[in-house]
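Here is a short note for someone opening this structure for the first time. The points are numbered so that each can be checked in turn.

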Amino acid sequence: MMLAQVGLFDIIVVLIYLFLTAYLGWLGYRGTKTTADYLVAGRKAHPFIMALSYGATFISTSAIVGFGGVAGLFGMSLLWLTFCNIFVGIFIAFVFLGGPTRRIGHHLDAHTFPELLGRRFQSKFIQVFAGLVIFLFMPLYASAVLIGGTEFIATAFGIPYDVALLVFAVIVAAYVIFGGLKGVMYTDALQGVIMFVGMTILLFYSYAKVSGVVSGHQTLNGLSDMVPATLQAIGHQGWTAMPQFGFGGTKYNLWWIVVSTIVMGVGIGVLAQPQLIVRFMTVKSKRELNRAVGIGGVFILAMTGVAFTTGALSNAYFSLHGPLFTGRVIKTVNAEKGHVILQLMKANDAGVWLDLVDEKDKAGKVVKTFTQPQQQDAAGKWLPVAKQTNEVGNTVEAKVVPAVLDKAKPYLTEAGPTAPQLAQGRSISIVYAKGNPDQIIPTYITTALPKWFGVVFLLTLLAAAMSTLSSQFHTLGTAAGRDVFERLFGGETSSGSQRTVHIVRVAILFGLILAVTFGHYARGGYIIARATAIFFGLCASTFLPAFVGGLFWKRMTRSGVIASMIVGFLVTAFWLLFVKAAEAEAIGLVKMVMGGKSSIFWNAPNWPVVDPLFIALPLSALTAIIVSLATRPPDKAHLAKCFPPIRNNVNA
Amino acid sequence: MLGIEDKWVALAYVLCLASTILCVIYAWANRNRGDETVEADDVKWVAEEKKMEEKL
């Protein structure tokens, strides 16, 4: 069931949405109601607005499609990330970091995150270095958001991925150019409301389709033996279970992937996201932040809590209601539950049943799926599909899926001497997503939910993507223009100021092209989640010790921060280039120096799947402390400027 | 608990709900605390922020 059937209605709704956000953006452009206006007027910005704005910026298609898809593949263990998103990303960030960030930011007149660090530690290098890291790597995160939107648009409208990518990129470019950058509160807040409504409806529907909360979870429990063999081998124990815990064997790989990369990388990395930190500076006082905590927590629960639960539950849904596959049973996993391994077959126009086979390249990637006639032995008895190597060196083998036999009619034919018994059953999410985890959520939405919800969800995703992308490009642009260019070449003159404007525009265009290019080449293998985790982890390792130290530790020195940032960055870079197999292999350098291996620790599990954050963050924190203590303390006058006494209003 | 067999996953599910409740309770308890006067630095910051936004 594709949205193509409601094409015109769809387009009209999307256009209305785009016009509405453009109108609000234009209103903001004309100088009314920015966050800064509220601040100076001393008026109380509604906490709803600030919280929704923060939440909408934080949560994007990366979270909903990317990480939701990973939950569909790996299960509810991902809810640990939701917990971190709420407790760390909202509670700890707002309650402990928000107030100090706002105060220091105002006292030092800092307007970007690199500027905050640079002025706190009186170092041009820090500001420029941080600006460069943000400018060069933000496109990676932006591409994750683009891919997330593209995967859904491609599936919903039945158009090729690259066409969808181009269409989406054009929409984003138009939005960003025509006023989306000004961070107008109302636009973000509207998008937050759309997202909240969409995800709430999704939650109710998802649980309803699997007969309720407890029933749905129990169905999911019962599917544990349907985990594909390749995932079982790395520790997958089912969609309601944690992966197997341990260290030193590849059967524990999944635990380290889920916990170190997905949960910790993003869960902790959120504290060092430049585009979120600057938002703390736009509130009038700590009171606004206090109020925003409640709304923020509920919003994040509705976003990632729903996305991950739905992703995992999609397996239960598909096993109960998904389209049927036909084939022959080659292995019975659990006779009572009807869990089998089905070798797929397809009938041709004449009604003759043919074997479905996959042709896989040397890397194991499926390059082609086609049919071939059933094999028979000399006596006329049917034979299973034999694995063969063809003339180009690719393997051709039977297409098999784990399946739950249809309860009403598990078999279509009787078993016979010359023909196998035809069975029919339903499979798990990754199968319906054709092997691409980033396709799980789009496939689930377009298959399981009514057409009108598909439209609502499309708006939800657009809102999620736009709010995040506009802040990403805003941050990228200011990093290039204000933090790098102006710092290095000056910008106080009017001509310098004009140059900055050009630099910012060029930087944004460059960033967009980079993001789209990456989106074109890097598809599949849950790249959305991985690209996001890389950026979050990089920011955490490079910036978090400097940021937290800057807010709370007066003994932290410029040298300590510089050393810490460089160590955090270099260790992360080294780890991604030479240790973490998934990324190192894609980049390729490690294969050249290690004779084809994907990691320098190829024979030492589980290091090749441990996230760089795990090593780089402790090292950069340690470096910050040791080097700060070994160097001269900062100037007392400067510290007095950063930390003047707080004057509170006298009310309860 | 809640139909989920693995206790660690069930715990994660519960913690998601609990941490949200914590956020709501905190916000309610502190809804009138922490107000600060608008100071000279704040006004200066806003002026510079507007100037920067113009550039974009």
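**Notes on the model**

1. Start with I262(A). Leaving aside residues up to four places away in sequence, I262(A) touches V70(A), L78(A), L81(A), I257(A), A529(A) and A533(A). Two residues are in contact if their C-beta atoms, placed from the backbone, lie within 7 Å.

2. A word on the source. This is a predicted model, in which local features need pLDDT of at least 70 and side-chain atom pairs count only at pLDDT 80 or more, while totals for chains, interfaces and linings use all residues. Residues are numbered from 1 along each chain as its sequence is written, with chains lettered from A and ligands numbered from 1 in the order in which they are written.

3. Buried means 20 or more other C-beta atoms within 10 Å of the residue's own; exposed means 12 or fewer, and partly exposed lies in between. Helices are DSSP runs (H or I, at least four residues), numbered from the N terminus.

4. Helix 3 of chain A. This helix (residues 47-58) is mostly covered, with 11 of its 12 residues buried. Among them are P47(A), I49(A), M50(A), Y54(A) and F58(A).

5. Helix 23 of chain A. Its 19 residues (612-630) should span 27 Å at 1.5 Å a residue, and the end C-alpha atoms are 27 Å apart, which agrees. The expected span is 1.5 Å times one less than the number of residues. Which residues of helix 23 of chain A are buried? They are P612(A), L613(A), A616(A), L617(A), S620(A), T623(A), A624(A) and S628(A). They cover an arc of only 130 degrees around the axis, so they sit on the same side of helix 23 of chain A. The arc is that of the directions from the helix axis to the C-beta atoms. These buried residues pack against helix 12 (253-269), helix 19 (527-552) and helix 20 (558-578) of chain A. The face turned away from the buried side carries the exposed L629(A) and A630(A).

6. The contact between chains. Chain B puts in 41 residues and chain A 54. Helix 1 of chain B gives the most to chain B's side, with 14 residues.

Note on methods:
Helix = DSSP H or I, 4+ residues; strand = E, 2+ residues; numbered from the N terminus.
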